[in-house]
Amino acid sequence: MRPVPRALARILSLAAVAAACGPIQGGTQMPNPARTTDRVEARQSYEVGPNKENHRFEAAFEGWTPGAVRFAIRLKHPDACADPASYELTLTDDGGRSAPFVPASQPVRATARGSGGAALQDVTVTGTFALAVGKETRWVELRLRPRDPFCKEVRFRWDLTP
């Protein structure tokens, strides 16, 4: 039997780890913005261990119009996983519709110190998804699908109450 080249072995092990771990996901409830006259905002954040403060993902539902939803996305990480360009950002709903993220401006970049003195990138980007949220919409889910094999897939879900 021939030995597996190191590069191929690394790729295979990354694929196995990625398949076993699945995306980070969770959810929260908020009023359906199409059913209220109140301003609706909701924020979620996830931290991934073992040094959770060094791997933080945040998304804030900041507002909506009948044809689009506005979000702020913040990534705090020591490497390329803090760059929004490392992800495909989409918003999906219970009707099977989806829309890509359209940034409102360039990401705001800063640095921070994390656990153990780690140098972290702290990046926030705001923008919209051209996805209509109607009175019958039950949920929306923001998906951060990694383009970089070392980044984690993250899903933020908002269940919309009537």
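**Close-up views of a predicted model**

**Figure 1. Asn 54 sits in the loop between β2 (42-47) and β3 (56-65).** The model shown here and in the views below is predicted. Asn 54 counts as buried, at 4% relative accessibility. Its contacts, leaving out residues up to four places away in sequence, include Lys 76, His 77 and Pro 78. Gly 114, Ser 115, Ala 118 and Leu 120 also touch Asn 54.

**Figure 2. The chain as a whole.** The chain holds 1 helix and 10 strands. Read from the N terminus, the order of elements is α-β-β-β-β-β-β-β-β-β-β. The chain has 162 residues, and 36% of them count as buried. Take the contacts between residues at least 6 apart in sequence: 58% of these join residues at least 24 apart. The accessible surface amounts to about 9300 Å². Carbon and sulfur atoms account for 53% of that surface.

**Figure 3. A disulfide joins Cys 81 and Cys 151.** A search of the whole structure turns up 1 disulfide. The two sulfur atoms are 2.1 Å apart, under the 2.5 Å cut-off for such a pair. The pair ties together distant parts of the chain, 70 residues apart. Cys 81 belongs to the loop between β4 (68-77) and β5 (87-93). Cys 151 belongs to the loop between β9 (139-146) and β10 (154-161). The angle about the S-S bond is -105 degrees, and the link is left-handed. Are the two cysteines buried or exposed? Cys 81 has 2% relative accessibility and so counts as buried. Cys 151 is buried too, because its relative accessible area of 8% falls under the 20% limit.

**Figure 4. Thr 137 lies in the loop between β8 (119-129) and β9.** Thr 137 is buried, with 6% relative accessibility. Which backbone atom lies 3.0 Å from a polar atom of the Thr 137 side chain? The backbone nitrogen of Gly 134 does. Beyond residues up to four places away in sequence, Thr 137 touches Asn 32, Asp 93 and Asp 94, among others. Ala 132 and Leu 160 are also in contact with Thr 137.

**Figure 5. Gln 25 in strand β1 (residues 24-31).** Gln 25 is partly exposed, because its 49% relative accessibility falls between the 20% and 50% limits. Gln 25 touches Tyr 46 and Arg 155, with residues up to four places away in sequence left out. How far apart in space are Gln 25 and Glu 153, C-alpha to C-alpha? They are 8.5 Å apart, while 128 residues separate them in sequence.

**Figure 6. The second largest pocket has a volume of about 180 Å³.** The lining of this pocket consists of 14 residues. Those closest to its centre are Pro 84, Tyr 87, Leu 89, Phe 101 and Pro 103. Which elements give two or more residues to the lining of the second largest pocket? They are β5 and β6 (98-103).

Notes. Residues numbered from 1 in each chain as written. Predicted model: local features only at pLDDT ≥ 70, side-chain atom pairs only at ≥ 80, totals over all residues. Heavy atoms only, no water. Helix = DSSP H or I, 4+ residues; strand = E, 2+ residues; numbered from the N terminus. Buried < 20%, exposed > 50% of the residue type's maximum accessible area, 1.4 Å probe, protein only. Polar contact = N/O pair within 3.5 Å; in protein donor to acceptor, adjacent residues only side chain to side chain. Contact = heavy atoms within 4.5 Å. Areas by Shrake-Rupley, 256 points an atom, 1.4 Å probe, with all protein chains shown as cover. 1 Å grid on protein atoms, 1.4 Å probe; cavity = no way out; pocket = protein on both sides within 12 Å on 5 of 7 lines; lining within 4 Å. Points joined across faces, edges and corners; volume = space filled by probe spheres on them.
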